[in-house]
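Look at how charged side chains pair up in this protein. Keep the predicted model open as you read.

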Amino acid sequence: MKLLHIDSSALGANSVTRELTAAIAARWQDTLPGLAIAYRDLDADPVPHLTGAALAKTDPVAAADAEHVLQQFLDADVIVIGAPMYNFAIPSTLKAWIDRVTIAGRTFRYTDTGPVGLAGGKRVIIASGRGGIHSGAPSDFVEPYLAFVLGFLGVTDIEFVRAEGVAYSPQHRSDAIAAALAAIPEPLRAAA
Ligand SMILES: Cc1cc2nc3c(=O)[nH]c(=O)nc-3n(C[C@H](O)[C@H](O)[C@H](O)COP(=O)(O)O)c2cc1C
């Protein structure tokens, strides 16, 4: 089994979502010791933006990295994504990653009856961190967007581990992180 761990916070050691994704990945590793974990830190090691040159694949090193990013996504059984809210949306570094895994013919295709996702069968856990409180509000362009775009790719098994209101006060922050850590989904589910 393969787990892909993606971080995108620009806040380093002060990041809420990095703390959550690390705890989620550790929970999976403790439960499934044979688990293979791939990691990409999109802040330290960003995927280049989707420019015309990138689409034309003029830089073979960048093109190989883009293919590597796509293959890691395709290969993963479980994906843990750190998704901070920056200016009401995902960090541009995470959007650049989404741009490399949303590829016609590889992760989705159009048919004469509409689009079909090709990347189903994965479980995705999203560590969502935000300074304010946005769940269910029109200001949330993080969680609905990620659920939609992953659903477009055929990924429907998506869970959110959420810490919000972290900027309200230090107490809000520590309570929100503790609640999120307590809500990490179990790696193994009981058979239905
Ligand atoms: C550049 C920047 C923009 C932010 N924009 C928002 C925002 O629009 N709404 C919000 O509720 N919090 C916002 N915040 C607060 C973050 O969502 C909060 O710090 C959260 O913990 C980010 O996750 P991280 O700690 O893993 O980076 C912003 C923080 C930064 C650094």
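D99 is buried, because its relative accessibility of 18% falls under the 20% cut-off. K95 has 33% relative accessibility, so K95 counts as partly exposed. These two residues form a salt bridge. Their closest N and O atoms are 2.7 Å apart. Both sit in helix α4, which covers residues 92–101. They are four residues apart, about one turn of the helix.

Why can such pairs form? Side chains of opposite charge can pair when their charged atoms come close.

Now turn to E143 and R162. They form a salt bridge too, with the closest N and O atoms 2.7 Å apart. This pair links distant parts of the chain. E143 belongs to helix α5 (residues 143–152), while R162 belongs to strand β7 (residues 157–164). The two are 19 residues apart. E143 has a relative accessible area of 6%, so E143 is buried. R162, at 34% relative accessibility, is partly exposed.

Next, find R40 in strand β2 (residues 36–41). Which residue does R40 form a salt bridge with? The partner is D65, and the closest N and O atoms are 2.9 Å apart. D65 lies in helix α3 (residues 60–75). Again the pair links distant parts of the chain, 25 residues apart. R40 is buried at 5% relative accessibility. D65 is partly exposed, with a relative accessible area of 21%.

How many salt bridges does the structure hold? The count is 14, including the pairs described above.

Note on methods. Residues numbered from 1 in each chain as written. Predicted model: local features only at pLDDT ≥ 70, side-chain atom pairs only at ≥ 80, totals over all residues. Heavy atoms only, no water. Salt bridge = Lys/Arg side-chain N within 4 Å of Asp/Glu carboxyl O. Buried < 20%, exposed > 50% of the residue type's maximum accessible area, 1.4 Å probe, protein only.
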